[in-house]
Amino acid sequence: MSLGPYTYVTLSVRPESTPHVGVSFHTSDLKVRAGLLLSGPRPYLEFNSQEADVHISTTGAGPVTDADLAIAREIFAAAARYLAECEQLHAEQSATTKDTTDPAA
């Protein structure tokens, strides 16, 4: 089963706890941008859909720290894994679709 594209946002607020916001993008209508804010200067990474935005930048909107570098490396590694998984599954799914639609198969 496959649903249409959507963005899922949750907000959990409990007494005496830190609020928690969850954002799940399940859409190809996602814009991803990265750049350098000149007001800092500091780097930023943004994920935007029609329903939600996620912005990532340096700790306290200040200079780049060792922890910021570590997080940027984790984001890079996770994005590379995501790309590899998407490419592999897309190739497998395309081959399966071709096999079931090709009358010569």
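Me: What joins strand E4 to E5, and how do the two run?
Reply: In this predicted model, five bridges join E4, residues 42-48, to E5, and the strands run antiparallel.

Me: Why do E4 and E5 count as paired?
Reply: Pairing requires at least two bridges between two strands. E4 and E5 are joined by five bridges, so they count as paired.

Me: Which strands form the open sheet, and in what order?
Reply: The order is E3-E4-E5, with antiparallel pairing. From one strand to the next, the twist averages 15°.

Me: What makes E3 and E5 edge strands?
Reply: Strand E3 (31-37) and strand E5 (53-57) each pair on one side only.

Me: Why is Glu16 called exposed?
Reply: Its relative accessibility is 86%. The term exposed applies over 50%, so Glu16 qualifies.

Me: Where does Ala61 lie, and what is its phi?
Reply: Ala61 is in the loop between E5 and helix H1 (66-101). Its phi is near 55°, again a positive value in a residue other than glycine.

Me: Why is Ala61 called partly exposed?
Reply: Buried means under 20% and exposed means over 50%, with partly exposed in between. Ala61 has a relative accessible area of 45%, and therefore counts as partly exposed.

Technical notes. Residues are numbered from 1 along each chain as its sequence is written. This is a predicted model: local features need pLDDT of at least 70, side-chain atom pairs count only at pLDDT 80 or more; totals for chains, interfaces and linings use all residues. Side-chain values use heavy atoms; hydrogens and water are left out. Helices (H or I, at least four residues) and strands (E, at least two) are DSSP runs, numbered from the N terminus. Axes are lines fitted to C-alpha atoms, for helices over the stretch in contact, and angles run from 0 to 180 degrees between N-to-C directions. Buried means under 20% relative accessible area, exposed over 50%, partly exposed in between (1.4 Å probe, protein chains only).
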